[in-house]
Amino acid sequence: MPPRTKSLRRRVLLASIVGATAVGRVGHAETVTLTFLNSQPDHTFDAAIAEFQTANPGIVIQPQQVPYAQLNAQIQARLGSKDPSLDVFAVDEPRVPTYAARGYLADLSAYRDATLAAAGPGALRATTWNGKLWTFPLWTTTQFLYYNVELLKKAGLQPPSADPAKRMTWERLLDQARKAQTAGAKWGFAFDQPDRYYEFQPLYESVGAGPGLTGPDMLTPAITSPAWVKVTEWFRDIYASGLAPRGIPYEQMADLFASGQIAYMVGGPWQAAVIVRAHLPFGLAPEPYFANGKPVTPTDSWALGISPYSQHRDAAVKFTSFLTLDAHGSQLAASKVPQIPANLAAAQAYLKVQSASGGEWTAAFADLVTYELAHTAVSRPRSKGYVQFEEIMNKMYSDIRNGAEVAPALKRADAQLRAVFARIE
Amino acid sequence: MSERRPPLALFLLAVALALSAMLPIWWAAISALRPSEEVFRYLSPISVWSLWPRHVTLANVHALLTGSFMRALCNSMLVTSLTLLIGLPLCASAGFAFTALRFPGRSVLFAIMVVGFLVPFDSVSLPLLQMFQVAGLQNSYVGLLLPALGNGLAMFLFRQFFLTVPDELREAAMIDGLGWFGIFVRIYLPLSKRAIIAAGMILFVFQWQAYLWPLLIAPSPDYHVASVAIAQFAGQLDVDYAQMLGGAALAALPPMIVLLFLQRYFTSSIAATGGKE
Amino acid sequence: MPRWRRALRRHDQWVAAACFLVPAMLAVAFLRFMPAVLAVWEAIHVAGPGWPISLRNFHFLFTDPDFIQALRVTLLFSLVVNPLQITMALGLALLLSRSLPLVGVWRTLILLPVAIPQSVSAVIMGVVFRPDGPANAILAMLRLPPQPFLTSPLQALPVIILILCWIGVGYWMTFLIAGLKEIPRALYEAAEIDGASGWQRFLHITLPQLQRQLAFVLVADTIANFLIFAPVQILTQGGPEGSSNLIMNDIYTRGFLYGDPTGAAAETVVLVSVMLVIVSIQFRLMQGRHSV
């Protein structure tokens, strides 16, 4: 054991070391490290981060990736415990009210006008709650009707027009889908996200049945009305009649279409790249609507939020606004993912590229997206309890798709929603 | 069991069972060699192409081997090895204390330990996370390592095993003047090769399979472990199945090699354990 | 032995016990007990005026039909999966404890599924049981009708049990092989000389000699199966219609998805209590012949 003598020389040495590191620390006080939590594949934001770091030499970005299914849990765990090591994180736009109510987001209302100018009123609505801006909009979404050219030809069906003015009704679409199935297609029709509320909200909105939540706080379930029952029965029948496949999870659905087994599919614009890669001739058309109803498409996607416990708010704002409000940064941020930038200028460039990507198959891409976002897009309900709502509804759709009776399933979901909402403070 | 050569039928049965258990993993492994569009192509009807890639491509394997997955695999191997190196002595010592030593409160402490490992780890991961955050252990190997060390099941197993060591051996050693540590290291441990391997397996599986905890404590890509990296291939909008399945098969390789190597210790029969006969 | 020596000896054992136990006890204390106590506190603590302890969370749980169903499903599941897995493990152990050629390879292959992260095993088996997947393809080859498997409220839980058997049987088999190898051959030889049949040897030698290992495997397997949630969460999310909603999945859903940590904490307390009761019953039953 070394002797415990603290000689004067030793004390001076220690003091000088401490002093030197203190000086060193002051010298490096400029460098700020921001952690950026998201659920995209590795290297998604590398280009945007590199550019930002070059332009801002005092700021270093540290991306932290977790799988999508775990992001909500991560955010809750870290922000719930006021973890100061989290600065910037990705937020699914429908969850903004929940997170804002729980105090997970810093108030960004000072940038309201800049956001409106860069991304438009729809994006602003999606990132605002209770009159305050909580996140910067990163990307947006819509839905297309994909059709398999060969399968339609085999059934002697006229391909649907890409012109929104000539949009098909659901009734007509299912009729054609059945004909295609009789003529040899394995499945006549499919939703690409068959167990997600995102996909079905437009159906209810189209006939005016409402999104399923009502009341001043949007915390009262409204899913047992006759209109809701009718639409849900319609949905159940698509699977019960064998027109659409059961048991295929969302992640494997695009592959089913790309391998030529489905005649018509309603799906997100990001599926186009998958189908192009598989060299399957296909076409795009606008999402159908119910006759006597109005055309509605779902929308909203990711946004970026800043933790109120972050110690580097200014740097965080700089970074997030670069990725969202700056056209060039926004373009870089979308360069590796098949997502439409919320930034209007970046979106234009992106859509042009997408339209060209698949030749005549994807020619209608840009026009369809622009039209739907401007005229038919409806956001998900703004509610503190949206996260729970979505979870319960998703499970319900899964059950109904597997054959559960509609009225009891709706009643059960209604009871579950009321119980879960009662737990919200 | 008898010395006679076992009948051919049993051998064939063993092979058949082993191969069918292995089939899904084999399918996952060759999925990495397929182009992404073909991963689910040959599921039904079952053909030779279900179990062999029709068109071989090395692109996915290349991406796996040169991407961040390899780092995650190394992280897993490092953390798991450390878990075994530190956790095995820790659990063995506890098992020894509960068996060979007599002290008041022994059964109470043992009961407390048993109850301790009944607590589902995933349920306490949130409060544990808060504790670790306060201690500054986020994104560190120590943070990944610690919760797996005190494994009540392994302690329980060691105790079970140590109970079979006859008292005479211990008494003899004490008369010979060995201290408790000596008794532990020179008498109990050498007799417990199988227990060590079994407990090693418990700790190994716990740490290799760990998913929720590594995700919470180490979200930084540098500290990702294999199970997290594999789940990363499942994006929100599309899943890279070829890489995910290939990654899973790759992640099964190190355990497979280690287990094959350890089989030798299982086959040695126990000829003499002192007072067994 | 003189009294002072006896006293010294006891003190000696105390000190030794402390040295051997301290690291382990610290680990269990800090890494399991403390967070568990925090979790229990969350379950019974109520902020605001009035009595700070309340059973309100438990009241909510026991009036929640989803929780009651989860409890029911889990108990039913436990009654089926444990005997099934242990029987299969025992059968495999009996087969693979013999000196067959390359037996180490066969053991390793059967053990291998447990080395794959549960999330991926779930995906792989989910593909196997897809309505258009290999399982139905095999049924078609055998001229049997295709089954809905995970999309049916009646078949979902049995399929999950099957998947868990694939994953875990090799693991338990390994423990039992270790136990089988401990049984002295002389016992079997003596029984053979006495004219005992294979079945009698199994009943009267193998089983009693394996009792300690079987007890261990039973307790450990029961505990492990109470904590299953990854395959459920990934494949069925507890459905269809809650038929596969094992309690750990319900806790995960409540805590991580619904953002109701106090409800999840209360549910965890219930789960641990149930496990304690069942494990002590198992201990009591096993107490019969040897001390466990």
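In the predicted model, the buried residues of helix α9 of chain B are B:W180, B:I183, B:F184 and B:Y188. Viewed along the axis of α9(B), these buried residues fall within an arc of 95°, and they therefore line one face of the helix. An α-helix has 3.6 residues a turn, so residues three or four places apart point the same way. The face of α9(B) turned away from the buried side carries B:R186 and B:P190, both of which are exposed. The helix itself covers residues 180-191 of chain B, twelve residues in total, and extends 16 Å from its first C-alpha to its last. This span is close to the 16 Å expected at 1.5 Å a residue.

Chain B also takes part in a contact with chain C, to which chain B contributes 78 residues and chain C contributes 80 residues. On the side of chain B that touches chain C, helix α1 (residues 8-31) of chain B gives the most, with twelve residues. By residue class, this side of chain B comprises 59 nonpolar, 14 polar and five charged residues.

The contact between chains A and B takes 30 residues from chain A and 22 residues from chain B. Within chain A, the elements that give two or more residues to the side touching chain B are strand β2 (59-65) and helices α3 (68-80), α10 (253-258) and α11 (271-277). The side of chain A that touches chain B divides into 13 nonpolar, twelve polar and five charged residues.

For chain C, the domain assignment gives domain 1 (1-54) and domain 2 (65-286). The centres of these two domains of chain C, taken over C-alpha atoms, are separated by 32 Å. Contact between the domains involves four residues of domain 1 of chain C and six residues of domain 2 of chain C. On the domain 1 side of this contact in chain C, three residues are nonpolar, none is polar and one is charged.

A further position considered in chain C is C:H204, which is found in helix α9 (residues 198-209) of that chain. C:H204 has 13 other C-beta atoms within 10 Å and is therefore partly exposed. Between C:H204 and C:G133 the separation is 71 residues in sequence and 45 Å in space, C-alpha to C-alpha.

Technical notes: Residues numbered from 1 in each chain as written. Chains lettered and ligands numbered in written order. Predicted model: local features only at pLDDT ≥ 70, side-chain atom pairs only at ≥ 80, totals over all residues. Helix = DSSP H or I, 4+ residues; strand = E, 2+ residues; numbered from the N terminus. Buried ≥ 20, exposed ≤ 12 C-beta atoms within 10 Å, placed from the backbone. Domains from an automatic or database assignment. Contact = placed C-beta atoms within 7 Å. Nonpolar A, V, L, I, M, F, W, Y, C, P; charged D, E, K, R; others polar. Expected span 1.5 Å × (residues − 1). Arc of directions from axis to C-beta.
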